[in-house]
Structure formats: C-alpha cells, structure tokens
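Good morning, and thank you for coming.

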Amino acid sequence: QEPFLVVDDLRVEFPTADGPVQAVQGLSYQLPMGRTLAIVGESGSGKSVSSMAVMGLHDMRRTRMSGSIKLGGQEIVGMSSQGMRKVRGDQASMIFQDPQSSLHPYFKIGWQISEAYRAHHKVSKKVARNRALEMLDRVGIPNPQRRIDQYPYEFSGGMRQRAMIAMALVNDPKLLIADEPTTALDVTVQAQILDLLNDLQKEFGSAIMLITHDLGVVAEVADDVLVMYAGRAVEYGTAQEVLASPSHPYTWGLLESIPSVSTEHEMLRPIRGNPPSLVNLPSGCSFHPRCPYVDRVSGDQCRTELPELVRRDQLGTDASRCHLADPRAIFTAEVEPGLA
Ligand code: SF4
Ligand code: MG
C-alpha cells in the first residue's frame, strides 16, 4: 500500500524583485500512517515551506510550485483553494510553535474546539461541546469541565499547547503537522508535550510530520529524519541511523549544537557562518562556504558540483548529499568523540 503522504520532486519558488526565492528544490520523501517524520534544519532551510505546501497554505498567485504531493492518494499540487480547504479539514491539520496563531484570545477554549469540529461535522452545539470535553481530557488537561469555559490567557503555556493539540486532533486528521511545537516551552513541559504526541500517535495511528531545528527533539519522537539545507534534502533515513551514524557534515554540525545535560553550562559549538540567501545559492554544494571538510574532497568538486542525494550502503536507509568518499569514517574518528 502506498504511504499516506508521498512527496516527489517538489519545487517551491517565490518570485521577488531580487529574483526567485528557491525555497524548496527537488524534495522527495514519504510518510506512512503511524510514523513520525522529522524535517530538520535552520530557519530558511525550506522546512516550514515544504510543510505548508502539504497543507496548501501558500498564496498561489505568489508561488510557483511543481512536482507532486499526494495525500491519501490525492494530488495536492495544482488543486483549487476550495479543494484544499476540504482536504485540510478531512485529512491534515497543523500545530504551531505559538498557540496564539491557532487559539483566538477573545474566545473560550472549548468554544473554539467545538467550532473547529462543527466546521467539518453537522452536529448540534451540545454534541460538539461534548467532543471538546473529550479532547481536552485526551490531551491531559485536568478538570476539563471547568477548563472548557476558560479563555486562553487563563491557561499556562504548556496547557495552551495541549489545547491547540486538542483542536488539531478534533477532526481525527490522518496527518498532523507540528511546526516547532515545543520551541517556546521550558524543558520539562517540552518533554511532556513530546510524550503526549507519542501517546496520541499510538492511540490514533496518525502520521506526524514534525518540523524542528532541534535534533534533541528528533531523538525523542521521530522514526524518520530528513535534514534540509538551503531548500534541499542533505540527509534522509531512519532516526536511528541518522542520529547514530550521520553522514553529512551539516548534520554533524547540528548534533554538535545540541545541549546535553553534561554540557548545559558550556558553550555550544554552533555551525560557523550563516545559511545562504535562497535568491543566490552558492555554486556546487550549497553548504561549502560553511563546511570544514571542503578540502578533504579532491579538486574543486565541493565548489563546482552539486552532490546527488545517494544511499551510503545498500542495507541501510541513510542517504546523503556529499562528495566525501567515506564520511562515516570521519564522523567516527573526528566528530563523534567531541559530542558529549
Ligand atoms: Fe562539505 Fe563538500 Fe560534503 Fe558539501 S560536498 S558537505 S562542502 S564535504
Ligand atoms: Mg519555521
């Protein structure tokens, strides 16, 4: 059976006065039901743009999109915005870093969840209210009978995040897209929300796409990982493989910038330099201006030739876009010992 979400050679461009912004270039991945795919990268890597494309949230008058996005067998690329609205309600929903972007401050939490349900179900207000109560309970909000009539400001940050998850799940979406869902929360609450996502996935069997810059979060919840840089996938495989023996220098850089308990008070090593402008990408490998390993590759290949995304070995799943002949040997010998 085909995976629930199949993205093939997706390209997303925004025309600007300075030239087209190439936000996503030739991205392909698959997400079956019951699995969590983490899309990882810094801001400007194209990770949010590619998830918004799946939700059909771009203004199509200002966006050029090509390739294919199949959601439950239905082609999304080129679909009318009306068709997309229906797909969004039936198949997919999204939670954001900032609950304010989904929860309106002027309306009671329970009313907002009920209305989200009524937008897609012909039911009475009473039935929808009961559904909201059930959802608040499901996401671990204590005393839902009282909480349902409160306003968002009466909830803590973690509780608001739970309420937003309740609202995202009220219509039983097959795909849940979570864009940096825990970035604004403190570490303890962050762990609780990740546990909740894990539990809900077991219960509902949904597909989850998690957008994050944090490989620590990936380790907690992801089955598969796609690392993006400058609009392209640079590494893709199972979380187990990518985290244990990553084969792209950019992924190594991300791993080195995870705070761990033992290094909490030390300086983290951020990746030197900044992500490139998507209007004017570097030649060859887009990561070359920041990569410490350019000179390990013979000739000028890193600066002149775009590497393909290729599998490292036939048995594994890990694919990466790098000219290094044996990147894992370098990782094991030089990078890994430095990771706490
Ligand atoms: Fe670094 Fe070259 Fe590999 Fe790009 S292709 S990541 S510049 S070693
Ligand atoms: Mg983002």
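Let me begin with a question: in β7, which residue is the bridge partner of Ile95? The partner is Ala178. Please bear in mind throughout that this is a predicted model.

That pair belongs to a set of four bridges joining β6 to strand β7, residues 175–179, and the two strands run parallel. Helix α6, residues 157–169, lies across both β6 and β7, and runs at about 170° to β6.

Now the sheet as a whole. It is an open sheet of eight strands with mixed pairing, in the order β6-β7-β8-β3-β9-β10-β12-β11. At its edges stand β6, residues 92–95, and β11, residues 310–311; each has a single partner strand, so one side of each is left without a neighbour in the sheet.

Within this sheet I would draw your attention to β3. Five of its five residues are buried, so β3 is largely enclosed by the rest of the structure. Thr36, Ala38 and Val40 point one way from the strand, while Leu37 and Ile39 point the other way, and all are buried. On one count, five bridges join β3 to strand β8, residues 207–212, in a parallel arrangement; here Ile39 has Ile211 of β8 as its bridge partner. A further four bridges join β3 to β9, again running parallel, and Leu37 stands opposite Asp224 in β9.

From there I turn to helix α10, residues 249–256. Seven of its eight residues are buried, so this helix is largely enclosed by the rest of the structure. The buried residues are Pro249, Tyr250, Thr251, Trp252, Gly253, Leu254 and Leu255. What covers them? The cover includes β3, together with α8 (215–221), β9 (224–229), β10 (232–238), α9 (239–244) and α12 (327–335).

By way of contrast, consider Ser156, in the loop between α5 (144–147) and α6. Is Ser156 buried or exposed? With 10 other C-beta atoms within 10 Å, Ser156 is exposed, because the cut-off for that class is 12 or fewer. Ser156 and Arg146 are ten residues apart in sequence, and their C-alpha atoms are 15 Å apart in space.

There is a second sheet to describe. Four strands form an open sheet in the order β2-β1-β4-β5, with antiparallel pairing. Its edges are β2 (21–31) and β5 (74–75), each with a single partner strand, so one side of each is left without a neighbour in the sheet. Seven bridges join β1, residues 5–14, to β4, residues 64–71, and these strands run antiparallel. Val6, for instance, has Lys70 as its bridge partner in β4. Helix α1, residues 47–55, lies across β1, β2 and β4, at about 115° to β1.

Next, the ligand. Around ligand 1 there are 13 residues, of which the closest are Cys285, His288, Cys291, Cys302 and Cys322. The shell divides into eleven nonpolar residues, two polar and no charged.

I close with the protein overall. Its secondary structure comes to twelve helices and twelve strands. The radius of gyration is 21 Å, close to the 20 Å that the globule rule gives for 340 residues, so the protein is as compact as a globular protein of that length. Of those 340 residues, 41% count as buried. Among contacts with a separation of 6 or more, 64% are between residues 24 or more positions apart.

How values were computed:
Residues numbered from 1 in each chain as written. Chains lettered and ligands numbered in written order. Predicted model: local features only at pLDDT ≥ 70, side-chain atom pairs only at ≥ 80, totals over all residues. Buried ≥ 20, exposed ≤ 12 C-beta atoms within 10 Å, placed from the backbone. Contact = placed C-beta atoms within 7 Å. Near = placed C-beta within 6 Å. Nonpolar A, V, L, I, M, F, W, Y, C, P; charged D, E, K, R; others polar. Pairing = 2+ DSSP bridges. Axes fitted to C-alpha atoms, helices over the stretch in contact; angles between N-to-C directions. Rg over C-alpha atoms; globule rule 2.2 N^0.38 Å.
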